Amino acid sequence: MAPATTLEAPPEGAVAPPGAIRKRRKPQLAGWAYAAPTALFVLIFFIVPILLVGQMSISDWGLFAGNRGINAPENFTKVIDDRLFWPAVWFTLKYTVVTTVILLGLALGLAMLVQEASRWTGFLRTSFLVPSALGLASASLLFYALYSPQSTPLKFLGIDSFLGTPSAALWSTVALIVWRFAGFYMLLLLVGLQGISGDVYEAARLDGAGRWQTFRYVTLPLLRSSIALCTILCVTGSMLAFDQFYILTKGGPDNSTITIVQLVYNMAFFGQNNLGKAAALSILVLVALLVVNVLQFRGLRDKES
Amino acid sequence: MRTRIARGYRRAVATIAALGLVATMAACGSSDDDTNSASAAVTAEGTDDGSELTLWTRAPLELQAKALVDAYNKSHKNQVKLTIVPNDDYVAKVGAAAGSGDLPDLFAADIVYVPNWTKAGLFSDMTERIKLLPYADKINQGHIKAGTFDGKEYVLPFVLDLSVMFWNKALYKEAGLDPEKGPATLDEYKAHALAIQKLNKKDTYGTYFGGNCGGCGVFTWFPMVWASGEEVMDAEGTKSLLDGPAAQKVYSTFRELQDAGAIAPAAKDDTGATWVAAFQEGKIGVMPYPATLLPTAAKTVDVGVAPIPGVSAGSGSTFLGGDGIGISKDSKLSDQSWNFLAWLTSEAAQVDVLAANNSTVARTDLADNQYSAKDPRVVTVNQVAASPQSKTPFAINFQQAFNAPGSPWVTLFRNQVYGDAGALAADNTAVSGVLGQ
């Protein structure tokens, strides 16, 4: 193959005017070729599935029965009429707000705590970060054992039931998520904190700023992009919450902890076996996430400019 | 040089693209409809020619499935390859395989889901073959009926799982109850549970139930209604009758037990993951329990066994649960698969494998065998399986109405035991609403 190509190459270059144009085009083509493998993966593993989900969402598509033709917009109206839809939306929003506020507040506190070099810093950083090394499903199983009345070592806390009432189930799950993710967000914020130059703090001190003033007018503004990144990650993650509730509560007690993604799963595999309806809900979640992310990015950009 | 590299890349890219296209096309599944070339001669034994068969089942039946497959593989040229799937993932896995035409040759299904799956066409018709079995009318009729759709039979019983009343004989003795006599009515059940509770032993309770588990409620409470001579649904499985007098008596029994503190507190949150555990630890007096777990429970507790009672004394009832098994629509080895199923219902499998492992046999003519003779409790279980009040409920939307987490049935019985008992009419309508979809 190779010799043939080398033989072919010179004549092309010899023909002057068209060759010049071709030469300019070739790097372009090469550029496309470099990007092609990635583009292909994006196409196969992202675009095609999304199109497939889009098609499912407008079709009468049962788990066992397969595609039985287009029925738009029946799936969407069915989703919105589902008796668990609005409770699930409400619960997901509540959970997202609670988790984001607690998680970011705590992560910021931890980051400030371990920022200064002291003899305990290494130990503290490690112990905060270790839970992040555990998969979310494994962490949920661990907490399932902690919360189960049959195996809990936490009886001394005097709590009757960790998962028995709607609010207990919510807070028990939030505790798991905070434990699992605080270290990760601490790490992100720590990177931001260490990016702030010491000179700025020195200047603030010389100007007579107190601890609170330094934090409020120096640290927070300079940390804005890190905090924004954490918020986007945390909000997106919380809106897509599934594993922890699937393992800890199965949506109970009395359907009080069903999140949107759980509802997607239930529609597809638990009883209704309706992939069309599940796909319609997935599309709605996708749209909601896009809107939220666009708003967050816009807010971030405004602040930077 | 540069062009050479570029061309090389282009070629590579083109190849990758072509491969990708082929892969996508393959994944989209060219639905080659090979309607299992109905072989000319359908025989009672099927074919044993050394083929490899695949079989899927869910994890709770692992013990029985392994014993059956091992025994079959030892005595036949065909070899069955068993795949065990976690209980909660089973429907999703079967659904995905059904969509892409990759179902195994044989697969088992929770018998209450079978009507839905036969309707979706996941199994091949076995009507003719089943007729050829000399003992066809002796096979458990609850399972056969659940596997019949439009007059065609698709499913045979794989493993029977029955619900019966278990009690802890040691605790009965302590509480001054007759350790050889279980509850014969719902009122006796309540009285026994309260008597155990009165012992005031630490961490020991009168009774237990899966308080947040739809499947457990179906399995243990439906028989109480049947034993009282009532039904839980209409014959088509489209309307709920769970607001009848017998059902109400069941709810009030559990509500009164709850109010008296005789139900273990853990029951309220139990999603079915651990509802059998406390009894095995000897901490529960009396409760409806899966008969398949008799060998396990008997290791740690001196267990008494009785049919599940109704409002008034009678022959009692049980839930004819467990898994049915059929040949999948995608199997290309239906004669070989039938060989396994024919063997499965034979005496060799039913008595020498299932009964020998203390499982219930799926044939009425084999209820008395050399293994059950050794343990009168097994005879009790086999007898109640044949009782006319023992049933397998039939409904197309069974999973959605009853078993799914957060189903309207879970809402109904939780309200009856823990919440607003006045919501029965509305809750029952909600169950009917899902059944009738």
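User: What makes residues of domain 1 of chain B and domain 2 of chain B count as in contact?

Analyst: Two residues are in contact if their C-beta atoms, placed from the backbone, lie within 7 Å. On that criterion, 9 residues of domain 1 of chain B are in contact with 9 residues of domain 2 of chain B. On the domain 1 side, these residues comprise 3 nonpolar, 5 polar and 1 charged; Ala, Val, Leu, Ile, Met, Phe, Trp, Tyr, Cys and Pro count as nonpolar, Asp, Glu, Lys and Arg as charged, and the others, Gly among them, as polar. The model is predicted: local features need pLDDT of at least 70, side-chain atom pairs count only at pLDDT 80 or more, and totals for chains, interfaces and linings use all residues. Residues are numbered from 1 along each chain as its sequence is written, while chains are lettered from A and ligands numbered from 1 in the order in which they are written.

User: How do you know where the two domains of chain B lie?

Analyst: The bounds come from an automatic or database domain assignment, which gives domain 1 as 52–161 + 321–366 and domain 2 as 163–318 + 398–435. Their C-alpha centres lie 29 Å apart.

User: Which residues of chain A make up the span called 100% helix with end C-alpha atoms 28 Å apart?

Analyst: Helices (H or I, at least four residues) and strands (E, at least two) are DSSP runs, numbered from the N terminus. Residues 95–114 of chain A form that span, with 0% strand.

User: How many residues of chain B are in contact with chain A?

Analyst: 37 residues of chain B are in contact with 39 residues of chain A. The largest share of the chain B side, 11 residues, comes from α1(B).
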